[in-house]
Amino acid sequence: NPYIIPDGVKSIDKNSFLYSNLISIIIPDSITTFNGNPFRFCDSLQLINVDQNNKYYKSKDGILRQKMD
């Protein structure tokens, strides 16, 4: 089961998931900022899904990407 970041969360801090056993994560449209790398040493992480309505980030092939205008 994916870890779901609750809607309304605006930012994720550096090392928030440090060494976690996450396999997949769902990022809501409310996220505006990633401070550093929150997924450092998450060796099990295979998939990142970003809500399609997020104005700042997207996922492509399960990889987190910043949207460019």
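Me: Which residues form a nonpolar patch on the surface?
Reply: Leu-18, Tyr-19 and Phe-41 do, with about 310 Å² of accessible area together. Areas come from the Shrake-Rupley method with a 1.4 Å probe, and for residues only the protein chains shown count as cover. Patch residues have over 30% relative accessible area and no salt bridge; like charges are joined within 9 Å, nonpolar side chains (Val, Leu, Ile, Met, Phe, Trp, Tyr) within 5 Å. A salt bridge is a side-chain nitrogen of Lys or Arg within 4 Å of a carboxyl oxygen of Asp or Glu.

Me: Before we go on, what sort of model is this?
Reply: This is a predicted model: local features need pLDDT of at least 70, side-chain atom pairs count only at pLDDT 80 or more, and totals for chains, interfaces and linings use all residues. Residues are numbered from 1 along each chain as its sequence is written, and side-chain values use heavy atoms, with hydrogens and water left out.

Me: Back to Phe-41. Where does Phe-41 lie?
Reply: In the loop between β4 (33-34) and β5. Strands are DSSP runs (E, at least two residues), numbered from the N terminus.

Me: Is Phe-41 buried, exposed or partly exposed?
Reply: Phe-41 is partly exposed, at 38% relative accessible area. Buried means under 20%, exposed over 50%, partly exposed in between (1.4 Å probe, protein chains only).

Me: What about the phi of Phe-41?
Reply: Near 60°, a positive value in a residue other than glycine. Most residues other than glycine have a negative phi.

Me: And what is phi for Asn-15?
Reply: Near 65°, also positive. Asn-15 sits in the loop between β2 (11-12) and β3. Asn-15 is partly exposed, with 25% relative accessibility.

Me: New topic. How many residues are in the largest nonpolar core?
Reply: 14, and those with the most contacts inside it are Ile-25, Ile-27 and Phe-39. β3 (24-27) and β5 (47-50) each supply at least two residues of this core. A nonpolar core is a set of buried Ala, Val, Leu, Ile, Met, Phe, Trp, Tyr and Cys residues joined through side-chain atoms within 4.5 Å.

Me: What is Phe-39 in contact with?
Reply: Leaving aside neighbours within four places in sequence, its partners include Phe-17, Leu-22, Leu-45 and Leu-64. Contact means heavy atoms within 4.5 Å.

Me: Last one. Is Asn-54 buried or exposed?
Reply: Buried, at 0% relative accessible area. Asn-54 lies in the loop between β5 and β6 (57-60).

Me: What does the Asn-54 side chain reach?
Reply: The backbone oxygen of Pro-28, at 3.0 Å.

Key: Helix = DSSP H or I, 4+ residues; strand = E, 2+ residues; numbered from the N terminus. Polar contact = N/O pair within 3.5 Å; in protein donor to acceptor, adjacent residues only side chain to side chain.
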